Amino acid sequence: MMFIGLALLGGCQQGVDRELEQAEFVVDAFYSFEESVLRESLARAESVELAVYYQAWARAANYAVEERRPCERAGADMLQCAIKVSDDFGRALGYQATDTFKLTLSQGVIVDITFEADDPPLFNTIVEDMLAAQPDIALGVCKDMFAGGDQPGACARAVVAAVEAYAKAQSAGLAVSQ
């Protein structure tokens, strides 16, 4: 009886390891900046288009992994991977962000992915101000940003330009308007 219990426990451990390996593969695929590799890693995920959008956004903003912690369990059917990155936004404003990938499992397969970032509130304010002041960008390259938009790279570059203009104005002691 003890042997069967240990064998079953070992099988569960292998399943957990396989799930964590899947999560690590998704992170590798994301930061490879190759869309086809990311799509393959999320073949059964409902939110693959969101992930592809974010990947293109990250590529355009020159994301670079600074610290990669191992993925971990965040519940029975949830894995999370926290990755510290540098990017053009953070370089302009003097910070690094942590992107957290949250992967939902069903029967041992990743079926959903969401992202969280800990950018400072100033970053979000700059983006909101830029979109409000520049409707050509809000209704153009950033239309439906992270919600079905189709120009993530161009949108990210527009946001980078706004953040860099803000930082330049701040360093020059100028009042900032987008």
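**Close-up views of a predicted model**

The structure holds two disulfides. The model is a predicted one. Counting the bonded cysteines along the protein chain, the disulfides follow the pattern 1-2, 3-4.

**Figure 1. The disulfide of Cys71 and Cys81.** The sulfur atoms of Cys71 and Cys81 lie 2.0 Å apart and form a disulfide. The pair links distant parts of the chain, with Cys71 in the loop between strand E1 (64-68) and strand E2 (72-73) and Cys81 in strand E3 (residues 78-86). The link of Cys71 and Cys81 is right-handed, with 110 degrees about the S-S bond. Cys71 and Cys81 are both buried.

**Figure 2. The disulfide of Cys142 and Cys155.** Cys142 is joined to Cys155 by a disulfide with an S to S distance of 2.1 Å. This pair, too, links distant parts of the chain: Cys142 is in the loop between helix H6 (135-138) and helix H7 (152-171), whereas Cys155 is in helix H7 itself. The two cysteines, Cys142 and Cys155, are 13 residues apart. The torsion about the S-S bond of Cys142 and Cys155 is about 105 degrees, so this disulfide is right-handed. Cys142 and Cys155 are both buried.

**Figure 3. Packing of helices H5 and H7.** Two packed helices are described by the angle between their axes and by the distance between the axes. Helix H5 (residues 121-133) packs with H7 at an angle of about 110 degrees, and their axes are 10 Å apart. Angles of 65 to 115 degrees count as roughly perpendicular, and H5 and H7 are therefore roughly perpendicular to each other. The crossing of H5 and H7 is right-handed. On the H5 side, the contact is made by Leu122, Phe123, Ile126, Val127 and Met130. On the H7 side, the contact is made by Ala158, Val159, Ala162, Val163 and Tyr166.

Figure 4. Asp88 lies in helix H4, which spans residues 88-93. The relative accessible area of Asp88 is 14%. Buried means under 20%, so Asp88 counts as buried. The side chain of Asp88 makes a polar contact with the side chain of Arg91, at 3.0 Å. Leaving aside residues up to four places away in sequence, Asp88 touches Ala60, Ala61, Asn62 and Val160.

Figure 5. Gln107 is found in the loop between strand E4 (97-106) and strand E5 (109-117). Gln107 is not a glycine, yet its phi is positive, at about 50 degrees. With a relative accessible area of 78%, Gln107 is exposed.

Figure 6. Phi of Asp144 is near 60 degrees, which is a positive value in a residue other than glycine. The relative accessibility of Asp144 is 42%, and Asp144 therefore counts as partly exposed. Cys142, by contrast, is buried.

Key
Residues numbered from 1 in each chain as written. Predicted model: local features only at pLDDT ≥ 70, side-chain atom pairs only at ≥ 80, totals over all residues. Heavy atoms only, no water. Helix = DSSP H or I, 4+ residues; strand = E, 2+ residues; numbered from the N terminus. Buried < 20%, exposed > 50% of the residue type's maximum accessible area, 1.4 Å probe, protein only. Polar contact = N/O pair within 3.5 Å; in protein donor to acceptor, adjacent residues only side chain to side chain. Contact = heavy atoms within 4.5 Å. Disulfide = S-S within 2.5 Å. Axes fitted to C-alpha atoms, helices over the stretch in contact; angles between N-to-C directions. Parallel < 35°, antiparallel > 145°, perpendicular 65-115°, else oblique. Left-handed = near helix turned anticlockwise from the far one by under 90°.
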